[in-house]
Amino acid sequence: QVQLVESGGGLVQAGGSLRLSCAASGRTFSSYAMGWFRQAPGKEGDIIAAISTSGGSTYYVESVKGRFTISRDNAKNTVYLQMNSLKPEDTAVYYCAAKLGYYTGSRADYGYWGQGTQVTVSS
């Protein structure tokens, strides 16, 4: 069992930055690949970033490459998403999710999800 809690969302002006955190319970955090997904109103959530169990490999969707950075601290059972140069189209609810083994881009492969945190970027 893994429980995930996101924090760090809020309202920011276009061009600004936010840092999201996802704190995990349990004693086997280092066995899980972690992903960040986002869901805009009326849309299905898509993966935007993922990181391997050790942090040695990462994935980013094309629209956030160069702007967002995913990282993890296994000693603190926490994964982060640093978001820079934010755009209005980044507005969404952001979710972290956990998956045993290597990361994938499919929502259905992730068995554990946080409650989500709202990110709103104004024009």
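A residue is called buried when its relative accessible area is under 20%. In this predicted model, five of the six residues of strand S8 are buried, so S8 is largely enclosed by the rest of the structure.

Strand S8 belongs to an open sheet of four strands, which follow the order S1-S3-S8-S7 and pair in antiparallel fashion. At the edges stand strand S1 (4-7) and strand S7 (68-73), and because each has a single partner strand, one side of each is left without a neighbour in the sheet. From one strand to the next, the twist averages 15°.

On one side, S8 (residues 78-83) is joined to S7 by six bridges, in which Phe68 is the bridge partner of Met83 and Arg72 that of Val79. These two strands form a hairpin with four residues between them, and Asn77, which lies in the turn, has a positive phi of about 50°. S8 also pairs with S3 in the antiparallel sense, again over six bridges, with Ala23 opposite Thr78.

The largest nonpolar core has 28 residues, of which Met34, Trp36, Leu81, Met83 and Tyr94 touch the most other members. At least two residues of this core come from each of strands S3, S4, S5, S7, S8, S9 and S11. Leaving aside residues up to four places away in sequence, Met34 touches, among others, Leu4, Cys22, Ile70, Arg72, Val79 and Tyr110. Another core, of seven residues, lies apart from the largest one and includes Ala33, Phe37, Ala50 and Ala97.

Notes. Residues numbered from 1 in each chain as written. Predicted model: local features only at pLDDT ≥ 70, side-chain atom pairs only at ≥ 80, totals over all residues. Heavy atoms only, no water. Pairing = 2+ DSSP bridges. Axes fitted to C-alpha atoms, helices over the stretch in contact; angles between N-to-C directions. Core = buried A, V, L, I, M, F, W, Y, C linked by side-chain atoms within 4.5 Å. Buried < 20%, exposed > 50% of the residue type's maximum accessible area, 1.4 Å probe, protein only. Contact = heavy atoms within 4.5 Å.
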